[in-house]
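Dear colleague,

Please find below the structure that I am handing over to you. My notes on what was found in it follow directly after it.

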Amino acid sequence: MPPPVDLPPRAAELRAQVRAFLAEERAAGSWVPRSDVWLSGWDERFTRELGQRGWLGMTLPPEYGGAGASPLDRYVVTEELLAAGAPVAAHWVADRQIGPTLLRFGTEAQRRKFLPGIAAGEVYFGIGMSEPDAGSDLAAVRTRAERVDGGWELTGTKVWTSGAHRAHAFFALARSAPRDESDRHAGLSQFIVELDSPGVQIRPIPLLTGAHHFNEVVFDRVFVPDEMVLGEVGAGWRQVTSELAFERSGPERFLSTFPLLAALVGELVAAGATGTEREIGSLVSRLWTLRRMSLAIAGSLASGNAPELAAAIVKDLGTRFENEIIDAARLLVSIPPDPGAEGGYPRLLADAVLHAPGFTLRGGTNEVLRGIVARGLGLR
Amino acid sequence: MTDTTDTTATGELAELAESIFAEASGTGTAFDAALWKTLEGSGLARLTLPEAAGGSEGSFTDAAAVLTAAGAHAARVPLAETDLLAGWLLHEAGIALPAGPLTAATGDLDVADTAGGSTVRGELRRVAWSRAAAGIAVLTPTRVVLLRPEHVTITDGANLAEEPRDTVRVDGPATTAEIPPGAAEQLRLRAALGRALLLAGAARGALTASVTYAGQRIQFGRPIGKLQAVQQQLALAAAEVAAASAAAWAAAGAASADGMTAPSTRFAVAAAKARAGEAAGAVARIAHQVHGAIGFTREHDLRLSTTRLWAWREEDGSDAEWNAEVGAAALAAGADGLWPLVTGRP
Ligand SMILES: Cc1cc2nc3c(=O)[nH]c(=O)nc-3n(C[C@H](O)[C@H](O)[C@H](O)COP(=O)(O)OP(=O)(O)OC[C@H]3O[C@@H](n4cnc5c(N)ncnc54)[C@H](O)[C@@H]3O)c2cc1C
């Protein structure tokens with residue numbers, strides 16, 4: 001693990017501001033705390049409110065609408081939002097990985113086009129990586145990018161694209177040169193595809209709950225101008241890997257069911273129940289530890305490192321922890337889950353149970369992450 | 001996978017400690033007198049004590065570097081006992097520290113003041129390393145007591161790792177002093193912190209041994225470490241080691257920054273000992289599974305790490321006990337106070 005991190009003193013002030021804002025929002029009844037909000041809590045009004053307060057794209061330089069803040073400041077804001085169960089899905093991908101990736105690999109024109117909107121909470125992005133035959137084996141993507149006059153033409157199918165039906169654009173990973181069996185990672189490129197481009201078709205793939213979250217995005221000779229190539233042609237694999245580093249160790253990898261844990265504590269206190277200290281303590285000790293680990297990685301990312309192994313470990317432990325909360329919530333009190341409830345414990349529990357399969361799949365499955373850890377241990 | 005290291009002074013200290021303990025590794029159960037001499041010579045034996053007590057004035061984070069290395073190499077010395085517990089308690093109470101290794105105990109002794117000093121009588125159970133100690137610092141309900149070897153009778157006992165956990169009987173003279181305020185609570189937290197760091201080290205030791213073995217043991221024509229089932233198990237163990245280590249280091253950091261008795265440190269130490277204790281069982285189980293039958297033998301060194309994991313998770317408060325404290329704090333905080341409790345200072 002990277003060395004432990006202490007948050008700078010000014011983080012306390014920022015945290016207090018975010019808490020005060022969240023308390024106001026809750027008092028006004030603007031939204032109800034939910035489980036797994038970063039997946040399903042799409043609320044553009046709330047996202048714009050955050051943008052106005054300078055809490056989106058915080059790490060971007062001021063000339064692109066950001067605050068030039070440290071990743072640790074962003075960490076404080078995001079962990080507060082997640083712990084409160086606030087609806088953060090609309091800006092989640094754009095704020096977490098698109099902004100930093102555009103800053104790193106994008107052209108000046110691309111940055112000017114997208115970053116201010118991301119920081120304002122008005123421009124939303126998806127992730128165009130997975131395909132029907134390319135899940136864990138992402139290098140197997142088959143979407144083709146053909147060279148044409150002034151740009152590229154994309155043909156193929158992306159799946160599991162979260163929020164594509166509401167997002168403005170995504171980065172599509174596509175094969176820009178024929179597959180070379182001796183170097184499967186070569187010949188891949190990333191393209192910024194605006195989702196209202198001609199030839200893009202977006203179809204819902206309902207979740208097991210019936211909710212519309214996932215999509216299939218089909219490209220039929222979609223023209224992408226040269227100005228919308230992200231980074232270098234042929235460097236898609238390296239870029240995508242660096243994008244994934246932002247995806248794996250953040251507080252969303254262990255806080256998806258935190259609102260349920262808080263509600264569980266509330267129910268136990270209300271019922272005057274005793275004898276559950278050990279179970280609750282075990283969850284809280286784990287939570288505290290995960291947060292220290294995740295913060296250490298955020299600190300390491302902030303100083304320019306890419307702690308891939310540690311990030312994989314946090315995501316493996318953290319997503320299993322999210323499931324442990326569900327077990328405790330089922331076993332320590334007997335309040336049945338109710339997916340139709342407006343909010344409260346029954347709804348928090350219902351959403352947590354029904355969303356749980358995704359925790360250990362999204363962003364790289366836990367088995368694949370353990371493969372990364374095994375490589376870090378020198379076994380592969 | 002190594003412990004948290006960096007390029008700072010703590011990083012250098014970690015390297016020094018690592019080389020000293022690696023050199024000293026060996027089997028047997030007796031006090032390692034040669035190692036102790038090296039530790040004294042290099043200023044590690046009384047790392048966190050003030051200069052006035054013959055110490056090096058190091059921080060708890062420095063202690064983390066040294067104790068995790070001691071745990072990783074199954075060092076047979078009462079290091080946490082001397083530095084974090086007995087040395088601290090005696091110095092705070094104003095009792096001069098005897099030279100050499102020390103140990104500490106909490107227990108009920110009868111203390112009677114006489115004209116020439118104090119006499120004490122009673123029995124202490126499961127005292128760590130007492131047979132090797134130049135002095136036993138005892139926190140009784142009424143006094144801090146220093147027992148010298150010539151005034152005690154020791155009956156050998158052991159923990160699961162065959163480390164000395166002796167019964168000590170005393171009926172004779174002793175040095176005593178008033179109990180410094182808050183000493184009982186601080187001693188308890190110091191013991192748990194030291195044990196959590198040792199556990200994190202032992203967990204790392206067991207993982208390192210397992211990864212090395214998986215790279216050497218050939219079955220089906222290749223190292224078992226190439227088999228995905230084995231890799232997945234070792235990755236799970238690595239995650240537990242990382243968690244134990246992060247928790248113990250974070251608790252040491254909290255103690256360094258805020259002091260041992262700050263509420264945030266108390267919470268951190270409780271969570272860290274609990275988390276490290278929970279990791280211990282998983283790491284020991286996987287380490288043995290990966291080693292097969294050879295690891296189940298007395299001849300093999302794996303047991304030096306795994307028996308310590310099993311012994312230490314019970315000592316200075318088991319994970320069940322510390323989790324109960326963390327849970328009580330969480331329930332006292334309530335639904336709205338839980339998150340602020342976890343994030344510590346606002
Ligand atoms: C909620 C959610 C949101 C998502 N959002 C997006 C998105 O916005 N954009 C996007 O591009 N993708 C998205 N995904 C897709 C996600 O990245 C993939 O689900 C994931 O990479 C796994 O791929 P797969 O589903 O095809 O499973 P597969 O790769 O087919 O895996 C199936 C099973 O086999 C195991 N397995 C596969 N390979 C190995 C191996 N080498 N060793 C051991 N076990 C293995 C896996 O661990 C898993 O258990 C999302 C997924 C979910 C669940």
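Predicted model: local features only at pLDDT ≥ 70, side-chain atom pairs only at ≥ 80, totals over all residues.

A salt bridge here requires a side-chain nitrogen of Lys or Arg within 4 Å of a carboxyl oxygen of Asp or Glu; for charge, Lys and Arg count as positive and Asp and Glu as negative, while His and the chain ends are not counted.

Glu322(A) belongs to helix α10 (residues 308-332) of chain A; helices (H or I, at least four residues) and strands (E, at least two) are DSSP runs numbered from the N terminus. Its side chain makes a polar contact with the side chain of Ser256(A) at 2.7 Å. A polar contact is a pair of N or O atoms within 3.5 Å; within protein, one must be able to donate a hydrogen and the other to accept it, and residues adjacent in sequence count only if both atoms are side-chain atoms. Beyond its neighbours within four places in sequence, Glu322(A) is in contact with residues including Arg253(A), Phe254(A), Phe359(A) and Arg362(A), where contact means heavy atoms within 4.5 Å.

Turning to the interface, 49 residues from chain B and 47 residues from chain A take part in the contact. The two chains bury about 4100 Å² between them, 71% of it on carbon and sulfur atoms; this is the accessible area (1.4 Å probe) that two parts lose on being put together, summed over both. One salt bridge is counted between chain B and chain A: the side chains of Glu278(B) and Arg286(A) meet at 2.7 Å, N to O. The rule also finds eight residue pairs in polar contact across this interface, both residues at pLDDT 80 or more.

Within chain B, helix α8 (residues 302-312) has ten of its eleven residues buried, so it is largely enclosed by the rest of the structure. Among the elements that cover these buried residues are α3 (60-72) and β7 (165-177) of chain B.

Residues are numbered from 1 along each chain as its sequence is written, and chains are lettered from A and ligands numbered from 1 in the order in which they are written. Local features need pLDDT of at least 70, side-chain atom pairs count only at pLDDT 80 or more, totals for chains, interfaces and linings use all residues, and side-chain values use heavy atoms, with hydrogens and water left out.

With kind regards

How values were computed. Buried < 20%, exposed > 50% of the residue type's maximum accessible area, 1.4 Å probe, protein only.
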